[in-house]
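The following briefing is intended for a reader who is meeting this structure for the first time. It treats the ligand surroundings, a pair of helices and a sheet in turn.

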Amino acid sequence: MSCSPPPPILRLHPPSSISSFSSPRRPHLSPRTCPWRLAAAREMPWPHVLTVAGSDSSAGAGIQADVKACAALGAYCSSVITAVTAQNTAGVQGVHLVPEELIREQLQSVLSDMSVDVVKTGMLPSAGIIKILCESLQKFSVKALVVDPVMVSTSGDSLSDPSTLTYYRDELFAMADIVTPNVKEASKLLGGVSLHTIADMRDAAESIYKFGPRYVLVKGGDMPDSSEAIDVFYDGKEFVEFRGHRIKTHNTHGTGCTLASSIAAELAKGSSMLNAVQVAKNFVESALHHSKDLVIGNGPQGPFDHLFRLKCPPYNIGSERRFNPDSLFLYAVTDSRMNKRWGHSIEDAVKAAIEGGATIVQLREKDIESRAFLEAAKACMDICRSSGVPLLINDRVDIALACNADGVHVGQSDISAREVRELLGPGKIIGVSCKTPAQAEQAWRDGADYLGCGGVFPTTTKANNPTLGFEGLKAVCLASKLPVVAIGGINATNAGSVMELGVPNLKGVAVVSALFDRECVSTETRNLRSILTSVRCLA
Ligand SMILES: Cc1ncc(COP(=O)(O)OP(=O)(O)O)c(N)n1
Ligand SMILES: Cc1nc(C(=O)O)sc1CCOP(=O)(O)O
Ligand SMILES: [Mg+2]
């Protein structure tokens, strides 16, 4: 369907690295010098979390939970063991501390050899161990430090010496990117204050922030009388409340370790802190939900299944790809009625859009039978994969799963992004249509990767679609930290003015009729791309 010889397609750069997590408080070491290793690291930047924590013989919490959570979320997890505990679903029967010199050696072994992105701490049972860890972190630079101040087990057994309190507060917190106490730990850290309400949790987060971490998350899972599990996040200026469903289950052993190591895994993969916390919360909630009837052990508090997703097909951890917001630049959304009108097959239309420089494609096929849709989707996946362009499916999670698409786009009357995330897993792209700041906030909480906002202009492609104009678009963009793509009535005449709005998270335009209700899809796409590129060059 090429109408003229196409110029080469520009490739977008992969998502930026996690350098934004380098704590200004930690000195950076000069890069290690082995040349073959540096080259290899550049080719295969494997997200790597080092957990410094205690072993739990029942494998529900501690090192074992951290390794499983990281594996489930696609990060490599190395471990420095600080203590060996004898415990089961009834409680902790014994604790034996690993000699401090061996802890120092473990840290040296891992940090001097491997490229660790994020260090996560769990059980640090003595002041001496915290001191050794701080010294190692000063010697070896990592990109983020997640501190879960484990002091008491969920069964109520003490896991650290009281003298550690001072070292946590005065030494380790100042190096931390995030500290994640539960209400009992927050109370201990603050000299025994009682925490009963969200307002108390906010006050505690503010007080802990003063010890020096960049972010604080006070976890409210233990707060009684609430149908929700509410965690309070504080960045030194604003509070965010993370609300999750309280799952009715006894299998909650290890939730704190898992949340913190999941945050670490997401940071290692390049997430922002807020997004890492949201993904981690969703992951723990899903794991609890899938394990609520699991029976392992005879005690009152059982473990849960971190690898529950292996039972939810298709789950292809190795092929997960991070979403690059720049791919929203020129978003081609197909329409089978338009294709029919011009005698184009879906595959031809997609091929032509990619030839013209579309940076992401969505199959929006409203009146096609499922079997034909799936066949076309599979063929389009091949086309998109070979060009490095992500392919999303509109509305139909079943089709997306069946063709292993890169993601799904849903609107306000479709199934929620949270449910789509449950079905697709963390590696897929989820877009949500939003017309208001409240919808944008909800989409972010549900784990969306980007927002589609419109109609910017009137459109005849989608019936009864309200027009928001530039003001509505800006309001949604400003209300969210997620990348946004504008949609609705966008064409070669007005696309420039949309991008000239200059809102930082407005990453591109999504277009249906101005690309597909045309005879030559590749020419129209190329023309639009060059308009967008010239606006970007001027910005
Ligand atoms: C990029 C993008 N933005 C918005 C929409 C609209 O989705 P929705 O509101 O679910 O409407 P339908 O497309 O399903 O009619 C979209 N598809 N893509
Ligand atoms: C699919 C869709 N969603 C919209 C929204 O406002 O969410 S507007 C729209 C149709 C966009 O088609 P065209 O580019 O032909 O105007
Ligand atoms: Mg929809």
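In this predicted model, the shell around ligand 2 divides into 5 nonpolar residues, 10 polar residues and 1 charged residue. There are 16 residues around ligand 2, and those that come nearest are Gly454, Thr459, Thr461, Val512 and Ser513. Two elements give two or more residues to this shell, namely strand E15 (450-454) and helix H18 (513-516).

**Helices H11 and H12**

- Helix H11 spans residues 346-356 and helix H12 spans residues 370-387; their axes come within 9 Å and cross at roughly 20°.
- Angles under 35 degrees count as roughly parallel, and H11 and H12 are therefore roughly parallel to each other.
- The crossing of H11 and H12 is right-handed.
- On the side of H11, the contact is made by Ile346, Glu347, Val350, Lys351 and Ile354.
- On the side of H12, the contact is made by Ala376, Ala379, Cys380, Ile383 and Ser387.
- By class, 7 nonpolar, 1 polar and 2 charged residues make up the contact of H11 with H12.

- An open sheet is formed by 9 strands, which follow the order E3-E2-E1-E4-E5-E6-E7-E8-E9 with mixed pairing.
- Strand E3 (91-97) and strand E9 (239-245) are the edge strands, each of which pairs on one side only.
- Within this order, strand E5 (residues 144-147) and strand E6 (residues 178-179) pair in the parallel sense over 2 bridges.
- Val146 stands opposite Ile178, a residue of E6.
- Helix H8 (residues 255-269) packs on the sheet, where it touches strand E1 (48-56), strand E4 (118-121), E5, E6 and strand E7 (215-219).
- The direction of H8 makes about 165° with that of E1.

Terms used. Residues are numbered from 1 along each chain as its sequence is written. Chains are lettered from A and ligands numbered from 1 in the order in which they are written. This is a predicted model: local features need pLDDT of at least 70, side-chain atom pairs count only at pLDDT 80 or more; totals for chains, interfaces and linings use all residues. A residue is near a molecule or strand if its C-beta atom, placed from the backbone, lies within 6 Å of it. Helices (H or I, at least four residues) and strands (E, at least two) are DSSP runs, numbered from the N terminus. Ala, Val, Leu, Ile, Met, Phe, Trp, Tyr, Cys and Pro count as nonpolar, Asp, Glu, Lys and Arg as charged, and the others, Gly among them, as polar. Axes are lines fitted to C-alpha atoms, for helices over the stretch in contact, and angles run from 0 to 180 degrees between N-to-C directions. Angles under 35 degrees count as roughly parallel, over 145 as roughly antiparallel, 65 to 115 as roughly perpendicular and the rest as oblique. A crossing is left-handed if the near helix is turned anticlockwise from the far one by less than a right angle, and right-handed if clockwise. Two residues are in contact if their C-beta atoms, placed from the backbone, lie within 7 Å. Two strands pair if DSSP finds at least two bridges between them.
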